[in-house]
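Keep the structure open while reading.

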Amino acid sequence: MKFGIVGTGAIGGYYGGKLAHAGFDVHFLLHRDYEFVKENGLYIDSCDGDFHLPSPHVYPHPEAMPVCDVVFVCLKSVNNHLLPQLLSPLVHEKTLVVLIQNGIGLEQDLQEQMPQLRLAAGLAFICSSKTEPGRVSHQCYGSINIGNFSCPDEQLVDDTVNALSQAGVTTQLVEYHEARWKKAVWNMPFNGMTVALNTQTDCLLADENTCQLIYDQMMEVVNAARCLGVKNLDEEFAQKMIDTTRVMTPYSPSMKLDYEYRRPMEIDYLYTRPILEARKAGFRMAKLEMLEAQLRFLEKHR
């Protein structure tokens, strides 16, 4: 299989790097740090062991890349309007496109723009960042759930899961809606709260008031998902997310880094869309609606 990585940042650089390091045929699309990586390679500083790809297959634009069997989209969702032009040169009629992005509704919207695509969701549970060219800092965790959205070739989806597993990534295939909403249980409280309160994950959980607020927000996501018919989400899962976060390295989620580096925040798919879907199902996520309003204010006035 030939893999394409669209967006070689903290996520694409890590998972693409793991695949390439394991010997898979991986092709990376880069933007700002193309020249650096072409000359110096890609560095992965990982809690599971550092490694360096001295000569990865890198490209400055998609037209120079080969057609791929599997494409991982690791761009921030604020750039999804670019996907038709980025993906068109990379896909054939049977290519699997995996959106490793945060939020709800991503696959539906892209499918409307490109009806021929075979899509899946990739939900990464990872602490990873890229703060300098050509170097990814992987702090902890790293598993990924894959949820098939519209790919009729189940064997290709299984082969993708197996390839990631062979590369040392804990990967499992889960039902699509379950995959998306399970990730939202963590994403919606922690991304926005670290921005609104200018803090990190550990500080939010160390204070009894914000810890309770995080749990309440998680349960809003759980109950919204239940109203939408999503299974395997309950109080135990919310508590598991809190317990897992307590023991991980103090972390600034992607939205916090975007805010600090004055990049657009992924408010639409992370907050607006799931809040709207919940309302349609008759459930209001009141605390998360308030958090969304705060994020809109900060985005507008920073």
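Two strands count as paired if DSSP finds at least two bridges between them. Helices (H or I, at least four residues) and strands (E, at least two) are DSSP runs, numbered from the N terminus. The model is a predicted one: local features need pLDDT of at least 70, side-chain atom pairs count only at pLDDT 80 or more, and totals for chains, interfaces and linings use all residues. Residues are numbered from 1 along each chain as its sequence is written, and side-chain values use heavy atoms, with hydrogens and water left out.

Strand S8 (residues 118-132) pairs with S9 in the antiparallel sense, over eleven bridges; Ala 124 has Ile 144 of S9 as its bridge partner. Two residues lie between S8 and S9 in this hairpin, and Gly 134 in the turn has a positive phi of about 70 degrees. S9 also runs parallel to strand S3 (residues 42-46), joined to it by four bridges, and Arg 135 in S9 is the bridge partner of Tyr 43. With strand S10 (residues 171-173), S9 pairs in the parallel sense over three bridges; here Ile 144 is partnered by Thr 171.

S9, helix H5 (residues 154-166) and S10 make a right-handed β-α-β unit, meaning that, with the strands pointing away from the viewer, the path from the first strand over the helix to the second runs clockwise. Just after H5, Gly 168 takes a positive phi of about 90 degrees.

A nonpolar core is a set of buried Ala, Val, Leu, Ile, Met, Phe, Trp, Tyr and Cys residues joined through side-chain atoms within 4.5 Å. The largest has 46 residues, among which Trp 181, Met 218 and Tyr 271 touch the most other members. Helix H6 (176-196) gives the largest share of this core, ten residues. A second, separate core of 35 residues includes Leu 19, Val 70, Ala 124 and Ile 144.

Definitions and conventions: Buried means under 20% relative accessible area, exposed over 50%, partly exposed in between (1.4 Å probe, protein chains only).
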